[in-house]
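Reader: I'm new to reading protein structures. Could we go through this one together, one question at a time?

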Amino acid sequence: MHAVRVEGRSLTVALAAAAGAVPARDQALLQELCYGTLRLLPRLEALLAILLSRPLRRADWILNALMAVALYQLVATRIPAHAAVAATVDATRTLGKPRAAGLVNAALRRFLREQDALLARVGSDPADPALFPDWLVGRLKAAWPDHWRRIVAVSNQHPPMALRVNTIRRERAAYAAELTAAGIAARTLPGLPAALLLEQPVPALRLPGFADGLVSVQDASAQLAALLLDPQPGERVLDACAAPGNKTAHLLEHAGGDLKVTAVDVDAERLAPLKENLARLGLSAVVLAADARAASLDWPGAPYDRILLDAPCSATGVVRRHPDIKYLRRDADIATLAATQDAILAALWGLLRPGGRLLYATCSVLPDENRERIAAFLAAHQDAGEVSLSLPTSIADAVPCTPGVQLLPTAGGGDGFYYALLERAR
Ligand SMILES: C[S@@+](CC[C@H](N)C(=O)[O-])C[C@H]1O[C@@H](n2cnc3c(N)ncnc32)[C@H](O)[C@@H]1O
């Protein structure tokens with residue numbers, strides 16, 4: 001919490017660093033406390049401001065994080081209050097702040113005594129705009145006057161867990177039967193041929209055959225990428241922003257493994273998990289660390305029949321999976337991201353063969369990164385045309401959008417995503 005809020009680190013990185021200090025049986029609890037606290041943090045901080053008669057000095061700010069986690073337990077979990085308070089008071093010693101034990105104890109006990117009144121003061125609506133940064137609420141209101149409240153509400157809830165069966169190794173029905181035998185309830189999603197939606201999330205390693213590459217964890221909206229680009233067996237495909245390789249793997253699985261895929265990412269470190277993913281699933285691709293803004297016809301396999309550009313973006317469609325985005329992103333980032341998206345798109349276009357198709361994808365809900373980028377690109381490239389997309393019936397939350405399709409995050413359904421399919425004139 002402190003690492004994200006005060007030090008500006010990503011939750012994924014901070015959690016990976018902390019995980020070693022926590023026994024395996026408590027890993028799920030660690031995750032729940034971190035993700036849950038970040039989802040509700042503005043409200044928990046508002047409570048803290050009431051409970052502490054004056055703000056803590058900077059040297060003690062870690063106690064803000066500690067008490068936010070404690071309040072999350074008291075407000076949103078079934079952990080017995082006495083256990084949460086005792087563990088939090090103990091933790092002041094672990095953090096080398098034993099003299100704060102009294103203050104922490106008093107603040108949490110006051111919360112327990114006055115909780116109804118305090119919660120009434122800070123609110124409990126999951127769609128409360130106070131749970132989002134002002135700049136993002138402003139952009140959501142402007143872009144989605146009829147939907148922004150629902151986007152905020154859904155983004156503050158637990159995300160569902162969807163699977164993608166590796167259909168090269170197992171038919172979906174056969175894998176669904178293995179899940180049932182393992183006591184894991186799941187249902188199919190019409191129109192997504194490899195997808196299964198779990199009734200309750202489980203750790204990936206509990207999934208039958210996960211280590212043997214029978215299945216991957218991938219959101220339902222993200223599973224549209226391979227279906228919409230629809231690479232055909234034998235084609236040359238570029239996945240230009242590929243790490244950690246979820247969509248690379250899906251492209252390959254979609255074509256029965258018979259594609260010549262070049263998987264590129266600018267971040268060489270993120271290519272290690274991509275290679276592990278492909279190896280686990282029994283798939284192969286040429287992997288290249290390179291900047292897609294400097295895409296070159298010298299890249300292996302160029303020119304390509306199909307290109308996937310899963311562009312770097314604000315990730316505002318997946319806040320429920322990455323609640324740290326609310327604290328790490330800044331308004332000014334959007335213009336920088338848009339410039340990067342334009343530069344990558346323009347550079348990749350020259351690598352597409354005439355008649356070839358490029359799918360532009362983001363997990364953003366902001367038009368600046370989505371339809372505005374594609375509209376500007378189409379206006380500037382006479383040899384680019386939009387291919388209309390038809391979505392499976394299970395994707396309920398597509399909103400009207402030209403060009404492309406915009407999916408908003410849905411409770412119990414897919415993440416917020418944007419897709420536009422472009423074809424190069426012959
Ligand atoms: C949305 S993520 C890709 C997720 C991936 N497609 C998947 O499904 O697993 C965007 C990726 O773009 C990469 N990236 C950012 N700028 C880039 C650039 N200029 N050239 C190539 N890759 C870039 C990031 O390192 C990041 O891995």
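Reader: Is the crossing of α5 and α6 left-handed or right-handed?
Author: Happy to start there, and keep in mind that this is a predicted model. Helix α5 covers residues 81-94, and its axis lies 9 Å from that of α6. The crossing of these two helices is right-handed.

Reader: What is the direction of α5 relative to α6?
Author: The two helices pack at an angle of about 160°. Angles over 145 degrees count as roughly antiparallel. Therefore α5 is roughly antiparallel to α6.

Reader: How is α3 oriented relative to α6?
Author: Helix α3 spans residues 27-51 and helix α6 spans residues 101-122, with their axes 10 Å apart. They pack at an angle of about 120°. That angle makes α3 to α6 oblique.

Reader: And which hand does the crossing of α3 and α6 have?
Author: Look at how α3 passes α6 in the model. The crossing there is right-handed.

Reader: Let's turn to the ligand. Which residues come nearest to it?
Author: There are 20 residues around the ligand. By class, that shell has 11 nonpolar, 2 polar and 7 charged residues. The ones that come nearest are D265, R270, D291, A292 and D310.

Reader: How much of the ligand's exposed area does the protein bury?
Author: Let's begin with some polar atoms. A side-chain atom of D265 is 2.6 Å from a ligand oxygen, and one of D291 is 2.8 Å from a ligand nitrogen. V266 places a polar backbone atom 3.2 Å from a nitrogen atom of the ligand. Taken alone, the ligand exposes 600 Å², and the protein buries 86% of that.

Reader: Which residue does a cis peptide bond join to A302?
Author: Most peptide bonds are trans. This one is cis, with omega about -5°.

Reader: What is the phi of D230 near?
Author: Most residues other than glycine have a negative phi. D230 is in the loop between α10 (224-229) and β5 (236-239). This residue is not a glycine, yet its phi is positive, near 50°.

Technical notes. Residues are numbered from 1 along each chain as its sequence is written. This is a predicted model: local features need pLDDT of at least 70, side-chain atom pairs count only at pLDDT 80 or more; totals for chains, interfaces and linings use all residues. Side-chain values use heavy atoms; hydrogens and water are left out. A residue is near a molecule or strand if one of its heavy atoms lies within 4 Å of it. A polar contact is a pair of N or O atoms within 3.5 Å; within protein, one must be able to donate a hydrogen and the other to accept it, and residues adjacent in sequence count only if both atoms are side-chain atoms. Accessible areas come from the Shrake-Rupley method with a 1.4 Å probe; for residues, only the protein chains shown count as cover. Ala, Val, Leu, Ile, Met, Phe, Trp, Tyr, Cys and Pro count as nonpolar, Asp, Glu, Lys and Arg as charged, and the others, Gly among them, as polar. Axes are lines fitted to C-alpha atoms, for helices over the stretch in contact, and angles run from 0 to 180 degrees between N-to-C directions. Helices (H or I, at least four residues) and strands (E, at least two) are DSSP runs, numbered from the N terminus. Angles under 35 degrees count as roughly parallel, over 145 as roughly antiparallel, 65 to 115 as roughly perpendicular and the rest as oblique. A crossing is left-handed if the near helix is turned anticlockwise from the far one by less than a right angle, and right-handed if clockwise.
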